[in-house]
Amino acid sequence: MSIIGWIVLGLLAGVIAKILLPGRDPGGLIGTTLIGVVGAFLGGWLSARFLDRPITTDFYDGATWLSAIGGSLVLLIAYRVLFGHSRGR
């Protein structure tokens, strides 16, 4: 899978993570997109490193999607914990 494929996967994983964890996020759409892309890379790395599940080159692999969404969820939760209360409501 090319870098463009990972960016698209990360974008979609960020959107799915946002749907699973609704609420106000600092950063809006751009922040969620970046969290999704970084989460996809993080989830893939964690999957390969600790679960002995290497990253495949198939865009439609379920394990790749689950690791990307899981990484995005972890980063979205961490982002909310660190920066969620920093702006006035």
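Q: In which helix does Ala-48 lie, and is Ala-48 buried, partly exposed or exposed?
A: Ala-48 lies in helix H2, where helices are DSSP runs (H or I, at least four residues) numbered from the N terminus. This is a predicted model, in which local features need pLDDT of at least 70, side-chain atom pairs count only at pLDDT 80 or more, and totals for chains, interfaces and linings use all residues. Residues are numbered from 1 along each chain as its sequence is written, and side-chain values use heavy atoms, leaving out hydrogens and water. Because buried means under 20% relative accessible area, exposed over 50% and partly exposed in between (1.4 Å probe, protein chains only), the value of 35% makes Ala-48 partly exposed.

Q: How far apart in space are Ala-48 and Ser-67, C-alpha to C-alpha?
A: In sequence, Ala-48 and Ser-67 are 19 residues apart. In space, their C-alpha to C-alpha distance is 9.6 Å.

Q: What distance separates the end C-alpha atoms of helix H1?
A: The expected span of a helix is 1.5 Å times one less than its number of residues, so the 18 residues of H1 (residues 3-20) should span 26 Å. The model agrees with this, as the end C-alpha atoms are apart by 25 Å.

Q: Which helices are included in what covers the buried residues of H1?
A: The buried residues of H1 include Gly-5, Trp-6 and Leu-9. What covers the buried residues of H1 includes helix H2 (28-50) and helix H3 (62-83).

Key:
Helices (H or I, at least four residues) and strands (E, at least two) are DSSP runs, numbered from the N terminus. Contact means heavy atoms within 4.5 Å.
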